[in-house]
Amino acid sequence: MKSRLAIAGALLLLASAQSAHAETVYERLLQFSQDEYALEKSELIVEKFVKKIYPKKYLPDFQDSDVDLALQEQSAEICRPSDPENNPMDQDECAKYRELVVTLVDKNSQFRQVARDLQLAATTYEMSIDNYPGGVTSILSKLPSIIKIWQGDTDLVQSPIAEIKVRGQAYDTNMDPLFNAVESELNGLIESANGKKDRERFIAAVWRYRHGYRQVRNLEGGCTNDKLGDGTELQFLRARFCAVEQKLEAIWNQVQGIPMDPPLKPNEIVLFPIKIFEDIQVYVWVRLDDVGLMWTVQLEPVIPSLDCSGARSFAQPNPPCRDEAILGGTYPAPIPDPPEGTGLCSHPFAKRGYLCRPRDTIECMVEPGSAATGEDIHLIGCKAPNMEAPYRWTEAGPNICNEGGWRVKTQGLKQGTDTPAIDTDLAPDWCSNCYVDTLCGSCGGSQEGQTKPKEADGRIQICLNPTEPAMSTYLYIHELVHAAQNCDSPSIDLRGSTNLFIDIYLQPEGCCATEYQAYLAQCDAMGEDGVLEGVGIDIQTCAAAMTNFSCGGGSSCVQLPPGTSSNQILQDIVDYVGAHAAELGVATSCAQAVNSPDARVLKAKSSLPQVCTPKCETKYASTIGNNACMVGQCVEESFERHRLIPGRMPLVTQDEAFPWDSDSDEDPNFGEFLLMPPALSMPLPPYRPALLARQMDNFLCQLNGLPTKVPPILCSFDPRRRLRLPTKGFLELFESLINQPSEQESLRHMGERVASAVGSRVGTQVYTEYLSSALHAFEELIQAASDLLTNLESTEFPEEMCRRNADNP
Amino acid sequence: MPPPWMFFGKKSMCAATVATLLICAAWASGTHRSFAAPPAGKPYPILAPCTRYDDRYASLFFKTEKFDDWPDVYHERVGEVIEEYLEPPETIQCYDQILIPLGPTSALGQLASELAPWQDPADRAKLDRNDVGIVLLEFLRMYECALVDHNYYLPMDVITERFEEEAGGTTPLPTVIEDFTFDALLKEMGRRRKIITEEVVTSRAALQRVLMVISGVTRLSPIDAELECLQRASLDLRNGLGLAADASVCMPRAWDTKDSLRDL
């Protein structure tokens, strides 16, 4: 007795271990192949379907289990003697009835496998470029990380690439119970019978919530009950799984309570760690705005449904639903495309892909190397027209750090605080050539904002008087760029009523140059907050339109496409900001913008002082761009404002102290440190599906030994081929005629196999073509920077002073 | 004295012999080497033998396991290699020629070492992580060979196994097994043929599908690895430039330099 119990216990343990066994990718694919050939067993769903549609007049007692018996050629088991209609039944008749079962199983198995193979073809490409970190490759999440290491703060403003704001956040509680509930719910959707599994509802549920349960709810309303299928073959593309939604909602509710430090910016995406369910090869992705499901490896698609029983369908329309089986040959209305910005384009990295957004650049021509033609599908759309940006105009030198602000903290004012009124007590510290005094009030005339010339003590008055108070922050950012442009210039008193900055500004091209930079910073801030997305324009068009508006109207600075109205764009922006101020989190009055300044305003103010002045504090985010900016600006300030060759102090910067200064010996290290690689243009490679389709057509004709024909179906089976070229004997002729369809079938099969592999390669090719050249250029840049640092480290300083006069040793 | 035609005939024979020797020499020199012969210095031929009776396959499962276990062992090993491949690589050697080296205990390396083309350590050393396709296809080929081989010798194999089983590892083998009838032999052969047929039909299809699925990883994982290295290099560069930025604040020491004689 004891031994029996032990055996029973061992069997139970074995059974539980078996149920907990995770099916690997290979095991699933092996199962596909076994199902496809259905030598001994059919899929559970096919088995039930065949039983429902099998003509009862042949075998009235036909059961589900008879399907497998038919595949195993057990005719005697199927044609039961107990069957009153068919007793006695001769063996030939029974074999025919059995053959019909095998044919029905074969046809369904083959169809299902074609659908799965199509999915596999897509998977080969998509699996490696998944959205959420944790997959086999994580190219998509690495690229933004690399950009973040490189990007200087002013690069972000002056060369905007509309980078997504993504934040990683850990859970603050144990989430396992919530995740386990989801896994349990999904497991419950897998039905088992006779050692087989029916995964239809499970597969449908995972695909249904791949873009998040909240997106489904927003688009289709709440899930009040398990609204299963509508009884058509596409039913599981529209079905809802309320219990799964509830479990996902529980996770979403939990993460809403997690405090965010620092506070979230508008449109900032928060990613939480994914949870992988190894046993079912599914993971849950969690964002602050949504929670959804996805496959670790996408193997199975939603195959047209075969079952419209009450357990699966809330309706049984006839046709196509008959005897709880969904018959083929009916074509339900296709699922409409998702609205713009939803579906694939709602995911954090995919939304920046070129299927989901126009290319953000002011010049958007078809690259010469791309050779895209009219019949290509252009994955790269251009929202911005082909415009030429105004030149950047600086007073002296390149001003490497640009305008826009890159330092988070500097010395600050020596005395006083900037308030919305005129502050007479402000005094700059010794690091600054200027300081800003902001005034909320009339700027004279109808002007909404104005930056006045620098005064003798360095004071630059910024006046803000926006018609829409919620625009104050953006206007402030704009005027601070003008303050930065003016900051290191001589004050007005040196030359009477004007200074060099005003001289530049008063020229038409000077106005465009100075205003464009300021509007670029302003529009970048609005783009970052999502204002421009709401209005439907990009950063460059915004900056161009507003620059035109400020410098004479029309297309005075940038040629806008016909029909584009700068006034209208400006009005749309003002209206949008006014209507969404609370949502954007911007100041709603000028006083608030000055008293509680935005982080970008603070950064712009902190970036006004000199960089390299002794005893001046500077704090900035450590990125390659910011560090390079620090070094470059130090060098620039040294050359522009100081004398590095020993001598007397001249009257103006870099003036000659002695006549022989110009004869000084050549710097022996000149050009030794670095040879920069040329800047390479990186055109996105064209994707030509029409061409590929045509090549596949040609391939079909080539397989049949025929020239290209249109349509290519003409290259398929042609009974006249053998009739025109008869064989010697009639028997061979008939055999050849009979075999022609199977020849065609084998060619079709071969084409189908090849197509997926070719498709996979073509898809990857587009990706690698771009990345390989981009990475190559990037590698060269890193190599150059590495050489520069190495050479700086190994610089040998001469022991003797450089000769001041080369001709007179 | 022999007739003249006989001399002529001898000459012809000599010429034929020389020609044959030349052909043999050319053959031996390797210019027309059989693909079934091992290349110079290699222990295996270009076309490895398609049989399970070759000594090179002594460690493969169809030499050590019972036939009924073959499918499980084969699919388990393929699955193991695929799962290993789909795991994100943990070690990336950015300074090496091969960015993602094959670990010493890797399933792929272990499997390859049992197959003829990688039994030479020098060849195995060249094995790359992305060679997963060719190793698995060679493994499949050997599996198919073993199945076909077994099918070909099925009656003898079944009888031999049955007698060895009856003997329980002892010798000599029994001469007669009472309950092992001809009918039992046919039944066992039929059962095995079904397994062989199913395995031959489905194994290749399954492997082709899985290789197709991982092909995207095969093509993109080198780029992924390079990006990882670029990320690391970028961090190094950022830190280096950070130090340079620190050093740049010393520039004011060189500003407005004056020498003692020209100090205004």
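Which pattern do the disulfides of chain B follow, with bonded cysteines counted along the chain?

1. The model is predicted. In chain B the disulfides follow the pattern 1-3, 2-4. B:C250 is in no disulfide, and the nearest cysteine sulfur, that of A:C612, is 8.8 Å away. B:C250 counts as partly exposed, at 44% relative accessibility.

2. Over all chains, a search of the whole structure finds 14 disulfides. One of them is formed by A:C431 and A:C616, with sulfur atoms 1.7 Å apart. This disulfide is left-handed because the torsion about its S-S bond is about -100°. A:C431 lies in the loop between β9 and β10 of chain A and A:C616 in the loop between α22 and β13, so the pair ties together parts that are 185 residues apart in sequence. Both A:C431 and A:C616 are buried.

3. A:C523 is joined to A:C542 by a disulfide, S to S 2.0 Å. The torsion here is about -70°, so the link is left-handed. The pair connects helix α16 (residues 508-529), which holds A:C523, with helix α18 (residues 539-550), which holds A:C542; the two cysteines are 19 residues apart. A:C523 is buried at 0% relative accessibility, and A:C542 is buried at 0% as well.

4. A:C612, named in point 1, is itself bonded to A:C634, S to S 1.7 Å. With 85° about the S-S bond, that link is right-handed. A:C612 sits in the loop between α22 and β13 of chain A, and A:C634 in helix α23 (residues 624-641), 22 residues apart. Both cysteines are buried.

5. B:Y152 belongs to helix α6 (residues 132-152) of chain B and is exposed, with a relative accessible area of 65%.

Terms used. Residues numbered from 1 in each chain as written. Chains lettered and ligands numbered in written order. Predicted model: local features only at pLDDT ≥ 70, side-chain atom pairs only at ≥ 80, totals over all residues. Heavy atoms only, no water. Helix = DSSP H or I, 4+ residues; strand = E, 2+ residues; numbered from the N terminus. Buried < 20%, exposed > 50% of the residue type's maximum accessible area, 1.4 Å probe, protein only. Disulfide = S-S within 2.5 Å.
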